[in-house]
Amino acid sequence: MYDKNNVFAKIVRGEIPTNKICENAYALSFYDVNPVAKTHVLIIPKGEYENMFDFLHNASTDEHAAFWDCVKDTAHKMKCDDACNLIANVGRGTFFYQSVPHFHLHIIAGEKLQDFADMAQ
Ligand code: AMP
């Protein structure tokens, strides 16, 4: 069951301010508050999807297209579409876990500031 009180749902509803990078009808991207590298941004769908597989199973064709457009535009704007890491944590995985129950894709690039594993503790 999707938790409407998660922090990214509040960002989508405009209840919490954030530094937006790109936005379209169904997706938006913004800076991670606790960056692990010089470039660390997040892309989220505006729809209520708990994790990546919920999104893959249930989002509409337009939502899928808009999400990947936002990924492409964000990486281009951050000048990291030639070298970056794309990470989507789902539940409690082997190394990392998903701390916010709203699907998000991390784009991480450039100089490392801290270990991703440390951040997830
Ligand atoms: P994950 O561990 O994959 O669920 O990643 C959640 C990410 O959300 C972490 O990297 C947090 O630093 C980030 N985060 C949490 N709250 C906010 C917020 N209000 N604005 C931007 N990023 C956030």
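A residue is near a molecule or strand if one of its heavy atoms lies within 4 Å of it. There are 17 residues around the ligand, and Asp32, Asn89, Ser99, His104 and His106 come nearest. The model is predicted, so local features need pLDDT of at least 70 and side-chain atom pairs count only at pLDDT 80 or more, while totals for chains, interfaces and linings use all residues. Residues are numbered from 1 along each chain as its sequence is written, and side-chain values use heavy atoms, with hydrogens and water left out.

Serine 99 places a backbone N or O atom 2.6 Å from an oxygen atom of the ligand. Histidine 104 uses its side chain: a polar atom there lies 2.8 Å from an oxygen atom of the ligand. For valine 33, a backbone N or O atom is 3.2 Å from a nitrogen atom of the ligand. The ligand taken alone exposes 510 Å², and the protein buries 87% of that. Accessible areas come from the Shrake-Rupley method with a 1.4 Å probe; for residues, only the protein chains shown count as cover.

Helix H1 (7-12) and strand S2 (27-31) are the elements that give two or more residues to the shell around the ligand. Helices (H or I, at least four residues) and strands (E, at least two) are DSSP runs, numbered from the N terminus. With three residues, H1 gives the most to this shell. By class, the shell holds 10 nonpolar residues, six polar and one charged. Here Ala, Val, Leu, Ile, Met, Phe, Trp, Tyr, Cys and Pro count as nonpolar, Asp, Glu, Lys and Arg as charged, and the others, Gly among them, as polar.

Buried means under 20% relative accessible area, exposed over 50%, and partly exposed in between (1.4 Å probe, protein chains only). The side chain of asparagine 6 makes a polar contact with the side chain of tyrosine 2, at 3.1 Å. The asparagine 6 side chain also reaches the backbone nitrogen of phenylalanine 8, at 2.9 Å.

Aromatic rings were examined next. A pair of aromatic rings is described by the distance of the centres and the angle of the planes. Rings of Phe, Tyr and Trp (its six-membered ring) pair if their centres lie within 6.5 Å; planes under 30 degrees apart count as stacked, over 60 as edge-to-face and the rest as tilted. The whole structure contains seven aromatic pairs. Phenylalanine 55 and phenylalanine 103 have ring centres 5.2 Å apart and planes at 35 degrees, so this pair is tilted. Phenylalanine 55 lies in helix H2 (residues 52-58), and phenylalanine 103 in the loop between strand S4 (85-87) and strand S5 (105-112), so the pair ties together parts that are 48 residues apart in sequence. Both phenylalanine 55 and phenylalanine 103 are buried.

The rings of phenylalanine 67 and tryptophan 68 have centres 5.3 Å apart and planes at 90 degrees, so the pair is edge-to-face. Phenylalanine 67 is buried, at 0% relative accessibility. Tryptophan 68, at 45%, is partly exposed. Tyr49, Phe55, Phe67, Trp68 and Phe103 form one aromatic cluster. Elsewhere, arginine 92 lies over the face of tyrosine 97, 4.5 Å from the ring centre. A charge sits over a ring if NZ of Lys or CZ of Arg is within 6 Å of the ring centre and within 35 degrees of the ring normal.

Several further residues were located. Methionine 52 is in helix H2 and is partly exposed, with a relative accessible area of 24%. Lysine 79 is in the loop between helix H3 (61-77) and S4. Phi of lysine 79 is near 60 degrees, a positive value in a residue other than glycine. Lysine 79 is exposed, at 72% relative accessible area. Aspartate 82 is in the loop between H3 and S4 and is exposed, at 69%.

Key
Polar contact = N/O pair within 3.5 Å; in protein donor to acceptor, adjacent residues only side chain to side chain.
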